[in-house]
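Here is a short briefing to read alongside the model. Have the sequence and the 3D view open as you go through the points.

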Amino acid sequence: MIDQRMPNPSFLNLFAGLMLVLVLTACTAHYTVNSKITTVKSVERYSFENRPASGRSDELLLILTFSGGGTRAAALSYGVLQTLADTQIALGGKKRRLLDEVDVISSVSGGSFTSAYYGLFGDRIFEDFETKFLKRNVEGELARRLISPSSWPKLMSSYYARSDLAADYFDEILFEGKTFSDFQVPLSPLIAVNATDIALGTQFTFLGDQFARICADLSSYPVSRAVTASAAVPGPFSSIVLQNYAGTCDYQIPQWAAKAIRDRRITTRRYQDAQIISSYLDVEN
């Protein structure tokens, strides 16, 4: 006689198999870890001083700053690029687009989506950025991925959180697996993506000198993760994690910073900046 209240053995096997898959997926889910470097020369190339050679005129220095504000900020900065592309100027007896003279774009939050996409793909931004991002229900798609059962195993991991899910999504719809090495091409302006170091409450810019302090490789770092860090509002998003390898490469604190710390003029901006730089050398804390 069979007790109908007893679970079906095949169901138990299926349930056990499903739980095993969930556990294994959670164990293997991990954010992208930034790589270590042994010499700062490999990252110092990505800086304002060493930006790629281009056909830009030496008569003009043009720096753009894109602010935050979600999709509206991305749309505003996109409109700025469109206007610069439509604006002709004369330099050296030749007519050029004003957009082609942009040397640097510094951006944060929503503006970083536009700056990063332009830095990677140039004029292609005018062909597909609107449909890929500006006119897309990004918030809705992110929310659906967050609550989707297929995402739960990864989110169960201690090393994978909401911002990692968002970075994977932005990589899929926008950044195509590109890294900071893909920015370093002729004609591309220097793209400075800004975020906040939540431990210090200070600005963190994805540039070579910032990564040199923590002996980390910038060229291989995914653009999608930097942009997510830039846009990761505390609460809805988790932090993007970077490993600090300070002390394992040949980085030396700049002379001006060492002097500022010795002089201890604590009310000066120079001293505060020097303290921030030196804090990254304290890996334990």
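**Briefing: a loop serine, a core and a patch**

Beyond its neighbours within four places in sequence, Ser 57 is in contact with Leu 91 and Glu 101. Keep in mind that this is a predicted model.

**Around Ser 57**

- You will find Ser 57 in the loop that runs between helix H2 (41-44) and strand S1 (62-66).
- Ser 57 counts as buried because its relative accessibility is 17%, and buried means under 20%.
- Glu 101, one of the contacts of Ser 57, lies 44 residues away from Ser 57 in sequence, yet their C-alpha atoms are 6.9 Å apart in space.
- The side chain of Ser 57 also reaches the backbone nitrogen of Glu 59, at 3.0 Å.

**The nonpolar core**

- The largest nonpolar core comprises 66 residues.
- Among the residues with the most contacts inside this core are Phe 113, Phe 170 and Phe 175.
- Setting aside neighbours within four places in sequence, Phe 175 is in contact with residues including Phe 113, Tyr 117, Leu 120, Phe 121, Phe 170 and Val 227.

**A patch on the surface**

- Three residues, Phe 48, Leu 61 and Ile 63, form a nonpolar patch on the surface, and together they have about 270 Å² of accessible area.
- Ile 63, a member of that patch, sits in strand S1.

Technical notes:
Residues numbered from 1 in each chain as written. Predicted model: local features only at pLDDT ≥ 70, side-chain atom pairs only at ≥ 80, totals over all residues. Heavy atoms only, no water. Helix = DSSP H or I, 4+ residues; strand = E, 2+ residues; numbered from the N terminus. Buried < 20%, exposed > 50% of the residue type's maximum accessible area, 1.4 Å probe, protein only. Contact = heavy atoms within 4.5 Å. Polar contact = N/O pair within 3.5 Å; in protein donor to acceptor, adjacent residues only side chain to side chain. Core = buried A, V, L, I, M, F, W, Y, C linked by side-chain atoms within 4.5 Å. Patch = residues over 30% accessible without salt bridge, like charges linked within 9 Å, V, L, I, M, F, W, Y side chains within 5 Å. Areas by Shrake-Rupley, 256 points an atom, 1.4 Å probe, with all protein chains shown as cover. Salt bridge = Lys/Arg side-chain N within 4 Å of Asp/Glu carboxyl O.
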